[in-house]
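Subject: Model for your review

Hello,

Here is the structure I said I would pass on. My notes on what was found in it follow below.

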Amino acid sequence: MSTNRNINALQLPGFGPEVTDTVKLSQPFEVQSFEVEVLRSKRRKSTVGAQLIGGVLHITVPSWMSRAEEAEWVEKMSASFRRQLSTDRIDLRARALALSRRHDLPRPREIRWDDAMKALWATCTLDTGAIRISTRLAAFPNWVIDYVIVHELCHMEVAGHGPDFWQLVNRYPRAERAVGYLIAKSGERDGDEFADADFNAC
Ligand SMILES: [Zn+2]
């Protein structure tokens, strides 16, 4: 008999709970911190640009800008991206309650972020009705986070991933797109090893 109580874990495609070495996977996804690189551009006339690529925030400022102004902008842009990547902007409980109302799904007893969750996107413990969402998801679009919440809410009614389960999940209109998004994210920066992830493995 399995002793794993989180039987309804939303796994990364291609990853089962039997995978114990998750260090390789967890490293590239540290979204809470990033390095900053500033580029002074002659082509840029009046606006400041910022783009986060692979853990580096590239900030482009017009070349006429003073160092003091540049420092101000770097601080402003960094703060904005930190906010965007943090869990603060998302009220999980409010979202879960709204989703359960909208799609007529069970309400969670408890839902919170989990920093330690690296090989899973989320879990639902049926005994306690508690849902845990990996903080990695905070950097993803809201509609993807909502899908993950819906996925776990559905497990409170249907265990496992049979047709009944997916029928329930599909009340959320963007479910299929979100699954595709998560598959793409789990393969990112990890090479081709996980690129052919099984659609149903999540
Ligand atoms: Zn699941």
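Strand β3 (residues 49-53) and strand β4 (residues 56-62) run antiparallel and are joined by 5 bridges. Strands here are DSSP runs of E with at least two residues, helices are runs of H or I with at least four, and both are numbered from the N terminus. Two strands count as paired if DSSP finds at least two bridges between them. This is a predicted model, in which local features need pLDDT of at least 70 and side-chain atom pairs count only at pLDDT 80 or more, while totals for chains, interfaces and linings use all residues. Residues are numbered from 1 along each chain as its sequence is written.

The first sheet

Within the pair, glycine 49 stands opposite threonine 60 in β4, and alanine 50 stands opposite isoleucine 59 in β4. The hairpin of β3 and β4 has 2 residues between the strands, and glycine 54 takes a positive phi near 50° there.

These two strands belong to an open sheet of 3 strands with the order β2-β4-β3 and mixed pairing. β2 (35-41) and β3 stand at the edges with a single partner strand each, so one side of each has no neighbour in the sheet. On average, neighbouring strands of this sheet are turned by 20° against each other, direction ignored. Helix α2 (residues 67-85) packs on the sheet and touches β2, β3 and β4, and its direction makes about 145° with that of β4. Such angles run from 0 to 180 degrees between N-to-C directions, and the axes are lines fitted to C-alpha atoms, for helices over the stretch in contact. Contact means that the C-beta atoms of two residues, placed from the backbone, lie within 7 Å.

The chain as a whole

There are 6 helices and 7 strands in the chain. From the N terminus on, their order is β-α-β-β-β-α-α-β-β-β-α-α-α. Of the 202 residues, 24% count as buried. A residue is buried if 20 or more other C-beta atoms lie within 10 Å of its own, exposed if 12 or fewer do, and partly exposed in between, again with C-beta atoms placed from the backbone. Among contacts with a separation of 6 or more, 52% are between residues 24 or more positions apart.

Strands β6 and β7

Strand β6 (residues 120-125) is mostly covered, with 5 of its 6 residues buried. β6 pairs with strand β7 (residues 130-134) in the antiparallel sense over 4 bridges, and threonine 123 stands opposite arginine 132 in β7. The two strands form a hairpin with 4 residues between them, and glycine 129 in the turn has a positive phi of about 70°.

How far apart are the end C-alpha atoms of α4? They are 20 Å apart, which agrees with the 20 Å that its 14 residues should span at 1.5 Å a residue; the expected span is 1.5 Å times one less than the number of residues. The buried residues include Val144, Tyr147, Val148 and His155.

Helix α3 (residues 92-102) and helix α4 (residues 142-155) pack at an angle of about 65°, and their axes are 10 Å apart. In this contact Arg95, Ala96, Leu99 and Ser100 of α3 meet Asp146, Ile149, Val150 and Leu153 of α4. By class, the contact has 5 nonpolar, 1 polar and 2 charged residues. Nonpolar covers Ala, Val, Leu, Ile, Met, Phe, Trp, Tyr, Cys and Pro, charged covers Asp, Glu, Lys and Arg, and the others, Gly among them, are polar.

Alanine 178 is found in helix α6 (residues 175-187). Alanine 178 counts as buried because 23 C-beta neighbours lie inside 10 Å. Not counting residues up to four places away in sequence, alanine 178 touches Trp143, Val144 and Tyr147. The C-alpha atoms of alanine 178 and valine 148 are separated by 8.3 Å, although the two are 30 residues apart along the chain.

Two loop residues

Methionine 156 is found in the loop between α4 and α5 (163-169). Methionine 156 is partly exposed, with 19 other C-beta atoms within 10 Å. Leaving out residues up to four places away in sequence, methionine 156 touches Pro106, Cys124 and Gly129.

Aspartate 104 lies in the loop between α3 and β5 (110-114). Aspartate 104 is not a glycine, yet has a positive phi of about 55°. Aspartate 104 is exposed, with 8 other C-beta atoms within 10 Å.

Regards
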